[in-house]
Each structure stands twice: as structure tokens, then as C-alpha cells.
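Hi everyone, thanks for making time. Let me put the structure up on the screen and walk you through a few places in it.

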Amino acid sequence: MEHFATALPLVLDPYVLTVIVLSGLFGLFMGAIPGLSATMATALLVPVTFFMPPVPALAAIVTATAMAIFAGDLPGALLRIPGTPASAAYTDEAFALTRKGKAELALGTGLASAVVGGLFGTLVLVFAAPVLVQVAKNFSSYEYFWLACLGLTCAAFIAGADPVKGAISLLIGLLIATVGLDPMSGQARFTFGSVELMGGVHFIPAMIGMFALAEVLRVVTTTTPPPEVPQARIGNVFSGIGGVLSKYRKNLLRGSVIGTFVGALPGAGSDIAAWISYAVSKKFSREPEKFGTGHPEGLVAAGASNNAALGGSWVPALVFGIPGDSITAIVIGVLYVKGMNPGPTVFLNQPELIYAIFITFFLANLMLLPLGFVAIRGSRQLLRIHRLVLMPVILMFCVVGTFAINNSVFGIGILLVLGLVAYLMEDNGFPVAPAILGLVLGPLLEDAFMTSMIKGDGNLMAFFERPIAAGLGIVTVAIWFSPVVMRVWRSRRAEAGSAK
């Protein structure tokens, strides 16, 4: 409690509260515009946070992310276009309610569920993170190697319907992470004689390019005209919401638990959590035939899962320095810039900053009610802004923000090159998030592996000699070979069935 008492004045500072409100409005705006995801909102905030102390900088990211995840429901319910990937799971359900003349029920259910799920995820973060820190203090390079492998593996396996393309994207990120000086020998790698590349590919320009610039290129090259905003009537947003949440309280709790658990898996995130929660709700529903016709049951679970995953994803990011999703991958970069190296030591050396983040999570989710209500009331006007008007402004922020990091034009070159690479990747069905995770975890993986090999004198079995390392290693290797085992098992089962 003493840490909370120390952190509370840091968050209740008028400057920090102003940053929270402004970043919340920014997050709502970004999430409500189709194509401008929560990740993109976070990426555009990063250059601004360089000029802030640690607490307001992290508060801005937490608040903008929570708001943007919910705001993606607005175009989903009104346009049948998810504003963020996390809203895609239940867009058809919400739009079906709108066509029934119940847009306020769809959006109100999403808002209330998001608040409850976000608070649940925050509670898990507050209580789970300090406990895991006690375990993490015993981690050596062996455990961090397997943890990094596990994070990279999860990122590849959950990257959409094609794990092979997810794995290739991951390898691209790992390749980019090797650019620069070898950490052990000091030998230059893939620098092509460039002095600037000896320091490696800076994470922030790479991230802004691969998320924000790639989206700009996608919008300006598309030939599909933007859809018209339907004349949906939005009545009392909170009318009947209490009855809906009470009726589907099991879905609310289940969605919150699933969201927090999936969010804590390295590489997962809110979109995966929402799809799983929606599918599980339909599986256990007494009225599965109503799903897809405008039934709020699925909205309750998936809406809660969305924001619960945010708190869950910060657990591995803060405790181990392993990003739970692409947003916390960006956050880890910001933590390093602010001198807060993620891991168990940050809980020991700067506990007041960690608990300030916890308090900000609570504030952000509580503020989602009034700000989300305002966003719902003004959503039709907000959605009328043409994306071709927004893109030049976003491009300007990308370039100026990238230049401001090191006052170097070279960073803009990285932004342009990797933005084009990400655009070509997504245009051919390769997800970008695994590449970003590879770029973040690549240095940790290499450093942990080389350090462990030196300590173990080249003996690979040393990676399995410590209990925690052995457990993590067995789980990771089992995941690697699980597709082969499942394929053999299915083929033998099919052969046994045909023999009968």
C-alpha cells in the first residue's frame, strides 16, 4: 500500500490528468476511424512522449490504447467496418442490432462490457505482476532464452490462418534485429559500410513505418470508395444495459478471464482474445442460433475480453520484458527510452512508477464511461471525416516524430523503407505484428543464447539443467513439434476409421 500512496500524487498531478484526458480523446478519435488502429494510435503518440516525464508518457499510452480499443466498436456497429482488429470478432453482431434499430444497445453493451473487462484485467495486473516478480528474480540467461523463444513461437502460431506466413514475418523481424554490431565480437553485420547502421535499426522509426506509414500507403492506393454513414438513430445508450449485463454475467466474467489470460500470452493481444471469447460464448450459449442476428450475448463476452486483454498483455511486458502484443512491444521501447528497463529490477528500483501505471489503468477504464458516452453521441459526425484528409496529417506526424528522435534524416529513411516493406507484406497476406515482435525480442534472444553458451561451455544440455528453464524449454519444444504430432495422430486416426 505504501507504493500506491507514493504513486497516487504522481498520477493526480494536474499535468498528468490533462495528458490522460487529451490522450483519451485522441485514442477515441483514432479507434473510431476505420483502419486507424489502437497500435497506430500508440505509434503516433511515441514521438510526443519523448518530451514527457515517464508517468505522463506511459499514462498517455495506457489511456489512448484503452479508448481506441473500445472506439473500434463505433464504425463496426454503424458501418459494419471494424475500427480496430479487436472489434472485428463481433462487427456483424453489432451491425445486425443497428439494423434492428438498436444501435444504442450494441454500443452501450460494448461500452459497459469494456469498462468491466478493463477493470478486471487491471486487477489481475496489480496482483499478478508483483507475485511473478518474485519468480522472475531467479531468472538467468537460460530462462530468458526460453521465454523469448516461447514469445516468438506464440507470435508465429497465432498470426492468422497461415502460421507459415507468420513464421516468415517473424524471421524478417529477427533478420532486421541482427543489423549492427555483434554484441559479443563487435563485428559489423549487414551494415553495408553505413556508419548509421552500426547502431542497429532503431525500433521507433521501424515501428512507426511498419504500422502507421504502411496504413497510409494502403489507404492512398485503394480504389474502393469509403462507405456512406447510415442514418442510424442512437437513443439512450445506458437504457437496459444493467439488465443485459445481469442476464449475461457469466459471459461477462468468462470474457474477462479469457481476455486477461490470452492477453498475457506473448504475441496474442485483444483481437485474438475477442475472437476466442465470442466463439466460446456461442459454444456454451443456450441460444446459439441467435448469434449473428443481433444478439447481445456475444457482445458482452467479446467486449469485456477486448479491454481485459490490455491489462493482461502488460504482465509479461513489465515483469519479463516480453511484449504481450504489438502495443506492449511499443511500450517496451518507450520504457527503455525513459530509463525503465522492463524486468523484475524495475519493481525494486522504481516501484512508484510501476504503481503509477496501475493507477492509470484504473483511471483510464473509469474515464471510458463518460468519454465513451460522448464518443457514441458524436460518432456519426466523427465518421464523416474522409480518410484521404487524415492521411497527409498522419504522414506529417510520422516524419516529424521520426526525425525528432535523434534529429537525423537517416531515421526517416528507415521509416520509408520498412513502411514499404510492411505494406508489401500485408498486401501479400504476411502479418506485420510477428515482424515487430521479432525486432523487439531478437536482441534479447541472441544475448541470452550467447551468454548461456559461454556459461555452459557450449553444452546445449545446460539449457535444461535449471528447473524453471527445463519447464519452459519442454513447453516450447512441445509447441514446436505439436503440429507434426497432431498431423501424424490425425492420419493414423483416419486410417483406423477407414479400416473399419
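This is a predicted model: local features need pLDDT of at least 70, side-chain atom pairs count only at pLDDT 80 or more; totals for chains, interfaces and linings use all residues.

Residues are numbered from 1 along each chain as its sequence is written, and side-chain values use heavy atoms, with hydrogens and water left out.

First, the helix pair. Helices here are DSSP runs of H or I, at least four residues, numbered from the N terminus. Helix α12 (residues 249-264) packs against helix α14 (residues 296-320) at about 35 degrees, and their axes are 6 Å apart. Those axes are lines fitted to C-alpha atoms over the stretch in contact, with angles running from 0 to 180 degrees between N-to-C directions. Contact means heavy atoms within 4.5 Å. Among the residues that meet are G255, G259 and G263 in α12 and A301, A308 and G312 in α14.

Next, the second largest pocket, with a volume of about 690 Å³, the space filled by probe spheres set on the grid points. Of its 33 lining residues, F203, L439, V440, P443 and L444 are the closest to the centre. Helix α21 gives the most to this lining, with 7 residues.

Finally, is T476 buried or exposed? T476, in helix α22 (residues 467-499), is buried, with a relative accessible area of 0%; the cut-off for buried is under 20% (1.4 Å probe, protein chains only). T476 touches W146, C149, L150 and T153, leaving aside residues up to four places away in sequence.

Key
Helices (H or I, at least four residues) and strands (E, at least two) are DSSP runs, numbered from the N terminus. Buried means under 20% relative accessible area, exposed over 50%, partly exposed in between (1.4 Å probe, protein chains only). On a 1 Å grid over the protein atoms alone, a cavity is a set of points where a 1.4 Å probe fits but cannot get out, and a pocket is an open set with protein on both sides within 12 Å along at least five of seven lines; lining residues have an atom within 4 Å of a point.
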